[in-house]
Amino acid sequence: YHFTAANEIATASITGAARNLHSTSLDRLRPEQYSAIFAIDRLVQSEHFAAEIALLFTSLKPGGYLILTGSTGIVPKDVFKWIAGLAHYKRATSIYDVEYVVKAHGIEVCGRDVPGYVLPLSRISVWQKRCPERISTPPL
């Protein structure tokens with residue numbers, strides 16, 4: 001992800017391959033703006049991930065999808081920073097902590113751990129926004 005985001009040619013190639021795909025920032029999001037949002041390694045780097053998750057789900061259209069990736073936190077974070085030369089990479093939490101908060105806003109469609117040699121190093125999951133009209137309220 002870092003290498004794509006830092007490389008204008010790679011970013012242009014990826015965004016040109018899919019119609020209506022673009023990169024944006026949290027401060028530019030509007031309610032019910034997107035059908036799908038990719039949060040690639042972003043939320044595990046934020047100390048304010050719970051507020052950012054709420055904002056991302058507000059920005060999804062009803063029934064929209066949030067696709068997440070992030071480190072499991074099983075391997076000490078500095079190991080991979082050192083291997084990849086990414087001294088600026090900061091992991092505030094694990095993808096499991098992020099997904100725990102996401103459960104309040106969405107329904108998990110699927111999720112996969114990306115295996116390391118023995119233990120999973122990262123995870124990808126897809127979540128669908130809960131639609132208020134589909135949530136039944138129990139009778140009083």
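## Close-up views of a predicted model

**View 1. The largest nonpolar core.** Of the 17 residues in the largest nonpolar core, Leu43, Leu66, Leu68 and Val98 touch the most other members. The elements that each supply two or more residues to this core are E1, H3, strand E2 (60–71) and H5. H3 is the top contributor to this core, with four residues. A nonpolar core here is a set of buried Ala, Val, Leu, Ile, Met, Phe, Trp, Tyr and Cys residues joined through side-chain atoms within 4.5 Å. Buried means under 20% relative accessible area, exposed means over 50%, and partly exposed lies in between (1.4 Å probe, protein chains only). This is a predicted model: local features need pLDDT of at least 70, side-chain atom pairs count only at pLDDT 80 or more, and totals for chains, interfaces and linings use all residues. Residues are numbered from 1 along each chain as its sequence is written, and side-chain values use heavy atoms, with hydrogens and water left out.

**View 2. The whole protein chain.** The protein chain holds five helices and four strands. From the N terminus on, the order of elements is α-α-β-α-β-α-α-β-β. Helices (H or I, at least four residues) and strands (E, at least two) are DSSP runs, numbered from the N terminus. The protein chain has 140 residues, and 29% of them count as buried. Its accessible surface comes to about 9500 Å², and carbon and sulfur atoms account for 59% of that. Accessible areas come from the Shrake-Rupley method with a 1.4 Å probe; for residues, only the protein chains shown count as cover. Take the contacts between residues at least 6 apart in sequence: 68% of them join residues at least 24 apart. Contact means heavy atoms within 4.5 Å.

**View 3. Surroundings of Leu68.** Residues up to four places away in sequence are not counted here. Leu68 then touches Ala39, Leu43, Ile95, Val98, Glu99, Val102, Arg123, Ile124, Ser125 and Trp127. Leu43 and Val98 are also named among the core residues that touch the most other members.

**View 4. Strands E1 and E2.** E1 and E2 run parallel and are joined by six bridges. Two strands pair if DSSP finds at least two bridges between them. Ala36 stands opposite Tyr65 in E2. Nine of the 12 residues of E2 are buried, so this strand is largely enclosed by the rest of the structure.

**View 5. The Glu52–Arg42 salt bridge.** A search of the whole structure finds four salt bridges. A salt bridge is a side-chain nitrogen of Lys or Arg within 4 Å of a carboxyl oxygen of Asp or Glu. One of them joins the side chains of Glu52 and Arg42, at 3.2 Å from N to O. Glu52 lies in helix H3 (residues 49–59) and Arg42 in the loop between strand E1 (34–40) and H3, so the pair ties together parts that are 10 residues apart in sequence. Glu52 is buried, at 11% relative accessible area. Arg42 is partly exposed, at 37%.

View 6. Glu99 and Arg123 form a salt bridge, with the closest N and O atoms 2.8 Å apart. This pair links distant parts of the chain: Glu99 sits in helix H5 (residues 95–102) and Arg123 in strand E4 (residues 120–129), 24 residues apart. Both ends are buried: Glu99 has a relative accessible area of 6%, and Arg123 has 11%. Arg123 also forms a salt bridge with Asp113, the closest N and O atoms being 3.2 Å apart. Arg123 lies in strand E4 and Asp113 in strand E3 (residues 106–115), so the pair ties together parts that are 10 residues apart in sequence. Asp113 counts as partly exposed, at 35% relative accessibility. Salt bridges with shared partners join Glu99, Glu108, Asp113 and Arg123 into one network.

View 7. Ile107 lies in strand E3. Ile107 is partly exposed, with a relative accessible area of 46%. Neighbours within four places in sequence aside, Ile107 is in contact with Val126, Trp127, Gln128 and Arg130.

**View 8. A nonpolar surface patch.** Ile74, Tyr96 and Leu119 make a nonpolar surface patch of about 250 Å². Patches are made of residues with over 30% relative accessible area and no salt bridge: like charges are joined within 9 Å, nonpolar side chains (Val, Leu, Ile, Met, Phe, Trp, Tyr) within 5 Å. Tyr96 is found in helix H5. At 32% relative accessibility, Tyr96 counts as partly exposed.
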